[in-house]
Amino acid sequence: MIFFNKKTSSGSVGKAKVNFCLSRKNAWLLWLCQCLNIAVIALELSTWMLAIISLSLAWQALLLHNSRDRIKTRKKEATVKHSNHLKKQQQATIVSPILLGIFALLGCLAIALTAKEVGILASMVHLLCFSYVLKAFELKARRDFYQLLLLGLFVLASSLIFRQDLLFSFITLTLLVINLSVLLQFFSSEKTFATNIKVMAVILGQSTILAVVLFLVFPRLSPFWQMPSAKSAETGLSDTVKPGDIANLSRSTKLAFRADFGQQGIPNYSQLYWRAMVLEDYDGRQWTRIKAALKNTVKQSPSNTFSVNPNDSDIVPLNYQVTVEPSFQKYLFALAPAIASNASNGIRAKSDFTFMSSKIITQAKSYQLSSYLSLPLSLVLSEHSRTVNLNYPEGSNPRLEQMALQLKHNYPDAQARAQAILSRINKQNYSYTLQPPLLINNSLDQFFFDTQAGFCVHYASAFTFIMRASGIPARLVTGYLGGEYNGSNNEDDYSEKGHLSIYQYDAHAWSEIWVKDKGWVRVDPTGAVDPERVNSGWSNELLQEQSKLNNELFSLYQMKNIAWLNSLRLQFDILDYQWTRWVIGFNSKQQYNLLKHWFGKMASWKFALIIAIALVISMVMLMLFLHLFNRSKVKKQPLSKWQLVYQKALGKLAKQGIVKPVAMTVNDFSKQVREQYPELAIVFTRLSVSYNCLSYQILSTDEQLKHIVKIQEQYRDFVQTLKKQP
Amino acid sequence: MGIMPAFSIPESVSGFFNRNFERWLSKRIPTRDEHQLNSRNIMIYPTRFGLSYLGFVVLVFFLGTNYQNNIILLFSYLLASVFISVMLHSFYNFSQLRFYSRAKQLGYADDLIYFPIKVTADKTHYDINAHFTDRTLISQSEHIAQCAQGSEEIKLTYKSSKRGKHYLGRVTVFSEYSLGLFKSKTVLDFGHYAIVYPKAKNLVAGQYQFSAQPDEPNMESYQTTNSVGTDDFSELKSFVRGESRARTAWKQLAKGQGHYSKHYQASQGQLQWLKLKDMPSNDVETQLAYLSFLIGELTATNQAFGLSLSADINNESMNIAPNVGFEHQQACLTALALYS
């Protein structure tokens, strides 16, 4: 019976594959989508790779453009067959594989050569982006199109390795919608792209139900294997500080970390010295941390580590949570002296009252601390530490050394000596500026006696140097000062909720001197020159200076001056904080706590059961939701006026016992009515004719209106005649 | 059916499986002119892209887990949920469609035979494809990018070079909307079959002369039918070997314009019988092809004729009484198609 012809059928299948061709609109959308995806990860790519990628994209655009011209010329020649012209178009967007192969090989070679320089992860990202761009040149089958889209999604996912803040996540989500809409466009090419985006947004919106449930209940697994870590540019402080370094940092308005004090009152601004690093080694030009080998020997003296006897009931600890932004460094921030509340967090307390993370911070990380602000820092000074903190290259700053000797003579007491220097700074014509004049060889002499203008590091360095030269152990501490409070600002309301945001421009440097019986005492020479900086933050002059230096469209200074913009910024900051805290920082422990909070403590198999049930329920909810969604759509089709009228008439007839079968046409039914109820015949036939006329004839709006009026009159007649019936 | 095992399953097993599947399917989707899609007759399963998409989601999940990156994890969860919601969207895009098609279609061999399927939709549906489930048939897959509210028609084509009654089996209708992750598919049974007439083969009138039914003693009609083709000159046609030399158009031949033979219009209004055994060939298929041609010609010129395929005049299915018109033509051609 059935005729077999395998040859032709297989031939037709082959043809179908060859004929794969994106519509022009789709091709351009895909191209646009590629550009956007690359843009998201562009910061992680090196310049030469970006150049190659933009070149390829431009080439792609050119090919797409040319293909249109070719179609136009083809269309003029009406005789050209359709398939032929498809082929041409395809040829236009596909580059010869040999050329492409050579290009790909060269690119891979370049990536391999630079791999050592940029790190494994970065070179993998390079490879990914490179293949993503090249793949677009060989869209031969639908499979290639799919592959390209998945590659694009992977580019999006890997861009999230480097940044996770709310804004970036939102951008990624938007791009996800666009990517999927391009795919959707492929299957519903008749719709406009805007509607497709809308449909896709709806689908994603529906999917969030399940995604959120998965996020909350799906077990957090430990890493399966070691991945190359992100090696982005380190941000924030560095462990070597030259005078003038921090001034550069203070141009940055990037967030450094946030601190949440919960219900407790936030300490005064002038107490918010966030300690990050202690720099004890001075070589005449710059301050550095002591090398690790030396540190180990220090560690062995147990007297230096800070511990608090919990029985000291008169000291109330200040508990707070710090959430650091990825800095790609290890140091953490604390208000010294502090102890970490839960030590298992990968945090190490060090002898100089700083904290270190055991791993490089590549994504937001939070930890709990308890600070005892009134307690002294280590009352005992080891011999080694004393020598280190008195050491300075002699003869590097002779004028300062001379002054130190003089001060030593005049002020035998350490703190009085420090005060003397501060008052000198305060009284003389010193200025605090982001743009200090250049110093030859970072000479502190030159700064202190000649230029007399500088930033915090200048003052702290000079001060520390003088103290060391005069025989008092002193060291430089870097970190952040202050922070911006964001939250409800009710002073009398104790249950205030909010957090401190500390930005890079809050970076600061100060000194510590060792005083017998008081331990390490903090002295901030900046307070002497610019008290406002220490007591309430940046002065307006400094902000103005900063905005000038930055050349930004919306500088912080401008933002702070425009009230609504500032409040918007603060609102967004709150959102971002919650995002960081609850989404980025949601770890397995928090997950466990949350489930425990909801369902109580229970065996692990019960947890598994809960997870399974939650998933099933959310799935069912999703289905139900979609079902209703779909139903309402069907119902939504509005019945036009005449349809309503006709339906009403049918309803009246049904009451009389004449029911119209669904399949019966209007004319047939009116015939049936005529036969069964001759009295109704005329009125109902008229109604039916008008209905047919309205439903099936093409009428102008005026005519339609006339007919509608007519059908309504006819309906009234119909009802009256019906009433007359016994 | 649609399941083609890529790896070799023992024939008996796959045969057993296919038979059972066939039985299940015929219960599930019985033969009808009209079908409405619902959860009873829709099969939905992930495409190859859908499976690779799932693999991709797992990959992203690994990426997120290895970096302990919650946002990437969230991303992978979102993609996984999209997979589920797209499945539902795919289903709802496909369901509620109504299909109507008539089972029987007629046509000549080597000609395209159309099987129109009327698709009625209450809302807009996207990416509807249809083809005969049996892919060995010479038939293209048809595609509707957007099926708007109302009715549309899909025309499935079929072509065969062999006459007869061909059962075409089920029609596969599928859609890969929304994202190509899922294929919503149904195999509808309209009971489609095609009656394929023998392909008409040109027969010069001179090679064949109509005859009356031999048993009919009507000598007059016999006479007239014998003289068919001698009344009025109608046209010149190229000479075909075997034609009578008496018909050669000598004038044209002498002028060197080629060898033509004269043809004459037959007189009308006679009862004419087309007989299989009178056809100038030994091969039955060729004879049927000539008959097919003659039926077409005679209908076009609106002449009455009867068809006799068997010597036994009482065999009604093989002998069709003289008549005119389209329906008569179809009846005759169908008889030719079914002749065995």
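Which residues touch the most other members of the largest nonpolar core? In this predicted model, that place goes to C129(A) and I72(B), out of 213 residues in the core. Helix 3 of chain B, which covers residues 70-94, brings the largest share, with 17 residues. A further core, of 15 residues, lies apart from this one, and V645(A), V683(A), L694(A) and F718(A) are among its residues.

The surroundings of I72(B) draw on both chains. Leaving out residues up to four places away in sequence, I72(B) touches A157(A), L160(A) and I161(A) from chain A, along with V60(B), L63(B), G64(B) and Y67(B) from chain B.

Helix 2 (residues 24-41) and helix 6 (residues 120-135) of chain A pack at about 170°, and their axes are 11 Å apart. With angles over 145 degrees counting as roughly antiparallel, that makes helix 2 of chain A roughly antiparallel to helix 6 of chain A. Helix 2 of chain A puts in Q34(A), I38(A) and I41(A), while helix 6 of chain A answers with V125(A), C129(A), Y132(A) and V133(A). Sorted by class, the residues of this contact come out as 6 nonpolar, 1 polar and no charged.

Next comes the contact between the two chains, to which chain A gives 49 residues and chain B gives 48. On the side of chain A that touches chain B, at least two residues each come from helix 1 (6-18), helix 7 (142-162), helix 8 (166-187), helix 9 (193-217), helix 21 (563-584) and helix 23 (604-636) of chain A. Helix 9 of chain A gives the most to that side, namely 9 residues. Split by class, the side of chain A that touches chain B holds 32 nonpolar, 14 polar and 3 charged residues.

Further along chain A there is another helix pair to look at. Helix 25 (residues 666-676) and helix 26 (residues 678-696) of chain A pack at an angle of about 170°, with 8 Å between their axes. Helix 25 of chain A is therefore roughly antiparallel to helix 26 of chain A. From helix 25 of chain A, the residues that meet the partner helix are V666(A), N667(A), S670(A), V673(A) and R674(A). The contact of helix 25 with helix 26 of chain A has 7 nonpolar, 5 polar and 1 charged residues.

Chain A has its share of paired strands too. Strand 17 of chain A, residues 507-515, is mostly covered, with 8 of its 9 residues buried. Strand 14 (residues 474-481) of chain A runs antiparallel to strand 17 of chain A, and 7 bridges join the two. Here A474(A) has I513(A) of strand 17 of chain A as its bridge partner. Strand 17 of chain A also pairs with strand 18 (residues 519-523) of chain A, again in the antiparallel sense, over 5 bridges. In this pairing E512(A) sits opposite R522(A) of strand 18 of chain A. The hairpin formed by strand 17 and strand 18 of chain A has 3 residues between the strands, and D517(A) takes a positive phi near 70° there.

Strand 11 of chain A, residues 365-371, pairs with strand 6 (residues 318-324) of chain A in the antiparallel sense over 7 bridges. Q321(A) faces Q368(A) of strand 11 of chain A in that pairing. Strand 8 (residues 338-340) of chain A is likewise antiparallel to strand 11 of chain A, over 3 bridges, and I339(A) stands opposite S370(A).

Strand 14 (residues 305-308) and strand 15 of chain B pair in the antiparallel sense over 3 bridges, with S308(B) opposite N319(B) of strand 15 of chain B.

Conventions:
Residues are numbered from 1 along each chain as its sequence is written. Chains are lettered from A and ligands numbered from 1 in the order in which they are written. This is a predicted model: local features need pLDDT of at least 70, side-chain atom pairs count only at pLDDT 80 or more; totals for chains, interfaces and linings use all residues. A nonpolar core is a set of buried Ala, Val, Leu, Ile, Met, Phe, Trp, Tyr and Cys residues joined through C-beta atoms within 7 Å. A residue is buried if 20 or more other C-beta atoms lie within 10 Å of its own, exposed if 12 or fewer, and partly exposed in between; C-beta atoms are placed from the backbone. Helices (H or I, at least four residues) and strands (E, at least two) are DSSP runs, numbered from the N terminus. Two residues are in contact if their C-beta atoms, placed from the backbone, lie within 7 Å. Axes are lines fitted to C-alpha atoms, for helices over the stretch in contact, and angles run from 0 to 180 degrees between N-to-C directions. Angles under 35 degrees count as roughly parallel, over 145 as roughly antiparallel, 65 to 115 as roughly perpendicular and the rest as oblique. Ala, Val, Leu, Ile, Met, Phe, Trp, Tyr, Cys and Pro count as nonpolar, Asp, Glu, Lys and Arg as charged, and the others, Gly among them, as polar. Two strands pair if DSSP finds at least two bridges between them.
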